[in-house]
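Subject: A structure for you to explore

Hi there,

Here is the structure I promised to pass on. Have a look around it, and then read on for what turned up.

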Amino acid sequence: MSSTTSKVKPFPKIKEVRTFLIHGVGSGGDYHNVNSGHWLIDSKIATPMSHYSKYQKSRTDFGINVLGSFCVELVATDGTKGFATGFGGPPACWLTAEHFKRFLVGADPRDTNLIFEQMYRASMFYGRKGLPVAVISVIDLAIWDLLGKIRNEPVYKMIGGATRERLNFYCTGPEPTAAKEMGFIGSKVALPYSAAEGYEGLRKNYEYLKGHRDALGPDFPLRVDCWMSLTVMYTIELVEKCKDLHIDWWEEVLSPDDVEGFGLLKRAHPTVKFTTGEHEYSRYGFRKLIEDRNIDIIQPDVMWVGGMTELLKVSAMAAAYDVPVVCHASGPYSYHFTVSQSNSPFQEYLANSPDGKSVLPVFGNLFTNEPIPTKGYLDVTDLDLPGFGLEINPSAPLIDAAGVLNPAPCKSLPAPTTQQEESQEKVNGSS
């Protein structure tokens with residue numbers, strides 16, 4: 001018996017990497033790069049910088065929006081383009097051009113695990129968390145967008161397919177009653193006062209949350225984002241004082257590095273839900289949070305954690321412990337992930353309107369067709385476009401970073417020539 005085999009058709013490879021900055025504010029992947037007067041930056045919000053009165057008024061005072069947005073565009077050998085946005089500004093463009101580009105040009109975009117590992121391991125000596133991993137995240141999302149466009153498939157179909165027909169949202173913003181009226185399944189507010197502001201701040205926190213609970217009624221979920229601003233003892237006292245308010249969860253109460261502190265909180269309040277994770281990075285960062293079972297819900301941000309490739313690993317690890325994954329913001333990048341995961345019950349919508357009372361695109365005017373929730377939900381069919389389904393607005397304020405970085409990014413140092421290698425071998429052999 002004879003059999004015939006045919007080779008798989010060659011798959012397009014990445015041939016070009018471009019980065020862009022975004023002129024002005026209100027567009028792109030830096031959530032906090034918005035105009036003055038926006039609730040995200042000018043509300044009274046507890047932060048790790050609330051220790052200092054000079055930096056309590058606006059989060060821009062301590063530089064929360066200093067990096068700004070950046071974008072990555074990947075061009076394949078067949079002309080297909082993948083695109084993604086995130087935060088990082090000029091430093092992110094520099095890292096992409098000077099360091100990570102070498103792992104992209106000539107690569108098969110299907111090799112997502114290989115490309116991630118190479119970028120992560122190559123930057124380990126200065127990275128592992130923070131900006132370098134956020135840059136890797138945006139590159140990874142651009143790869144997935146490119147893959148989907150080459151294959152003519154939405155990203156969620158390439159990572160497992162739909163687990164439901166509708167994606168429900170809760171809303172983070174300053175007006176929970178508006179979130180309820182708009183059809184969201186829950187609301188989350190930012191805590192106004194940090195632990196550094198003492199007992200008077202604790203009392204004001206209670207009054208603030210009580211006002212929202214009274215306005216919402218007893219049954220609508222009310223969650224609290226503490227944005228790394230509290231201590232273990234302060235959290236224990238605040239949670240105790242607010243027990244009559246039936247807060248659904250307390251989010252990111254401690255420094256991301258105080259993993260042991262969450263164990264103390266869980267012992268003090270075993271029936272209270274504590275969540276964290278938006279400022280954690282990679283599967284290594286989430287491992288102990290999940291294994292210790294002191295966190296009830298993890299909240300990775302796909303634009304920061306390492307991209308879709310790494311988020312899938314984090315989600316699989318969490319699923320083995322029955323820990324839900326509720327992604328932090330990130331617009332359609334998160335939507336595709338959430339609808340594909342059985343242990344991701346719903347999605348956050350971060351209110352992008354200045355007063356938080358209406359639903360606007362998460363990425364401003366960067367895209368012409370960004371899907372946004374209506375009446376608190378999206379139909380999964382709204383995501384049925386190639387890649388992440390986002391079309392760049394021709395009038396988006398994009399600036400090619402190659403022309404603005406100073407000094408301009410240079411080519412990588414060439415590999416040693418054969419003659420150089422032979423000379424080095426002689427030196428090694430004679431030593």
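Let me start with a term you will need: a residue is buried when its relative accessible area is under 20%, exposed when that area is over 50%, and partly exposed in between, using a 1.4 Å probe and protein chains only. This is a predicted model, in which local features need pLDDT of at least 70 and side-chain atom pairs count only at pLDDT 80 or more, while totals for chains, interfaces and linings use all residues. Residues are numbered from 1 along each chain as its sequence is written, and side-chain values use heavy atoms, with hydrogens and water left out.

**Two helices**

Helices (H or I, at least four residues) and strands (E, at least two) are DSSP runs, numbered from the N terminus. In helix H12 (residues 331-340), ten of the ten residues are buried. They are Gly331, Pro332, Tyr333, Ser334, Tyr335, His336, Phe337, Thr338, Val339 and Ser340.

Which residues of helix H10 (residues 282-291) are buried? They are Ser282, Arg283, Gly285, Phe286, Leu289 and Ile290. These residues lie on the same side of H10, because they cover an arc of only 155° around the axis (the arc is taken from the directions from the helix axis to the C-beta atoms). They pack against helices H3 (112-122), H9 (259-268) and H11 (307-319), and against strands S8 (274-276) and S9 (297-298). Following H10 comes arginine 293, with a positive phi near 60°.

Contact here means heavy atoms within 4.5 Å. Glutamine 299 sits in the loop between S9 and H11, and with a relative accessible area of 3% this glutamine is buried. Setting aside neighbours within four places in sequence, its contacts include Tyr170, Lys188, Trp249, Glu251, Val326 and His328. The side chain of glutamine 299 also makes a polar contact (2.8 Å) with the side chain of threonine 275. A polar contact is a pair of N or O atoms within 3.5 Å; within protein, one must be able to donate a hydrogen and the other to accept it, and residues adjacent in sequence count only if both atoms are side-chain atoms.

Glutamate 251 belongs to strand S7 (residues 250-251). Its relative accessible area is 1%, so glutamate 251 is buried. Not counting residues up to four places away in sequence, glutamate 251 touches Gln299, Thr275 and Asp225, among others.

On a 1 Å grid over the protein atoms alone, a cavity is a set of points where a 1.4 Å probe fits but cannot get out, and a pocket is an open set with protein on both sides within 12 Å along at least five of seven lines; lining residues have an atom within 4 Å of a point. Grid points are joined across faces, edges and corners, and a volume is the space filled by probe spheres set on the points.

How many cavities of 30 Å³ or more does a search of the whole structure find? The search finds one. The largest cavity has a volume of about 190 Å³. Of its 18 lining residues, Leu40, Arg59, Asp225, Trp227 and Leu350 are the closest to the centre. S5 gives the most to this lining, with three residues.

The largest pocket has a volume of about 400 Å³. Among its 20 lining residues, the closest to the centre are Val17, Ala97, Glu98, Lys101 and Pro409. S1 provides the largest share of that lining, four residues.

Happy exploring!
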